[in-house]
Amino acid sequence: MTHASEIVGAPEAAPPAPAPGQPAPHDAQLKPLRDPQPMLERTISQWGGHDDLWVFAYGSLIWRPDFDFSERRPAQLHGWHRALKMWSRINRGTPQCPGLVFGLLSGGSCRGVVFRIPAADGLETLGRLWLREMVTGVYDPRWLSCVTPGGHVKALAFTLSRRSPNFTGDLSDARYREIFAQACGRYGTSLEYARQTLEGLRQHGIHDAALTRLLRLAEAQQRDQLSVSSDEGARQDALHPSLQPPVADSHSKEST
């Protein structure tokens with residue numbers, strides 16, 4: 001969920017957490033898609049502040065939550081699915097070569113984890129989450145029912161609308177390969193981000209077939225590139241045999 005500073009607009013080093021109930025300051029260099037303040041206030045109002053806070057993680061929040069929690073459970077969310085279909089123009093790419101991060105899109109189902117934060121720490125945690133996920137107002141925060149081994153919990157989830165300008169739409173395999181090969185932002189490459197997420201999911205026993213397939217595409221491309229480089233090197237050696245190091249005479253003696 002970037003996503004541990006994976007979302008477009010997240011600051012490189014998080015400043016101190018805002019006061020309870022106050023919005024996170026905006027990155028002065030970025031223009032928010034929407035004002036995140038009303039969304040924060042609505043989220044706080046819907047939570048109420050009396051019960052423990054639950055947060056659903058489906059992307060980088062799984063492997064780097066960046067907040068303290070008292071409990072973590074495997075969880076399944078019906079009606080939504082994880083998809084690598086959100087543009088990242090700063091953290092995992094640039095405006096000229098956008099990268100990708102995960103969004104939670106409607107339809108299907110999604111396995112992830114939920115974190116429980118004590119009620120006393122809920123406002124501070126929401127402030128941290130807004131610093132990380134909602135600087136540009138890209139997500140639609142929702143309270144969604146998650147199925148866990150301990151029963152249903154209502155957790156905060158950061159969903160992505162298909163109407164958002166950050167939604168990529170359907171991308172071809174060739175486009176994914178291109179992005180994985182080229183996109184790099186201030187927190188690293190899109191490929192690194194995808195690999196870290198896959199590893200984080202596996203550590204929790206979650207198999208994401210779609211992500212696995214995309215990473216296999218990237219690996220196949222890397223093998224192809226290595227093969228081409230090797231073939232080119234062999235061709236150059238054949239064209240310029242004089243560049244080859246001399247072969248030692250097996251019968252010669254080392255000079256003294």
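**Labels and cut-offs**

Modeller: Glu71 has a relative accessible area of 24%, so Glu71 is partly exposed. This is a predicted model, in which local features need pLDDT of at least 70, side-chain atom pairs count only at pLDDT 80 or more, and totals for chains, interfaces and linings use all residues. Residues are numbered from 1 along each chain as its sequence is written, and side-chain values use heavy atoms, with hydrogens and water left out.

Colleague: Why does Arg73 count as buried?

Modeller: Buried means under 20% relative accessible area, exposed over 50%, and partly exposed in between (1.4 Å probe, protein chains only). Arg73 has 17% relative accessibility, so Arg73 counts as buried.

Colleague: What makes the contact of Glu71 and Arg73 a salt bridge?

Modeller: The term requires a side-chain nitrogen of Lys or Arg within 4 Å of a carboxyl oxygen of Asp or Glu. For the side chains of Glu71 and Arg73 the N to O value is 2.6 Å, so the pair meets the definition.

Colleague: Why is Arg34 with Asp140 given that name too?

Modeller: Their side chains meet at 2.8 Å, N to O, and the limit is 4 Å, so the name applies. Arg34 lies in the segment before α1 (36-47) and Asp140 in strand β4 (residues 140-148), so the pair ties together parts that are 106 residues apart in sequence. Strands (E, at least two residues) and helices (H or I, at least four) are DSSP runs, numbered from the N terminus.

Colleague: Is Asp140 buried or exposed?

Modeller: Asp140 is at 16% relative accessibility, so Asp140 counts as buried. Arg34, at 35%, is partly exposed.
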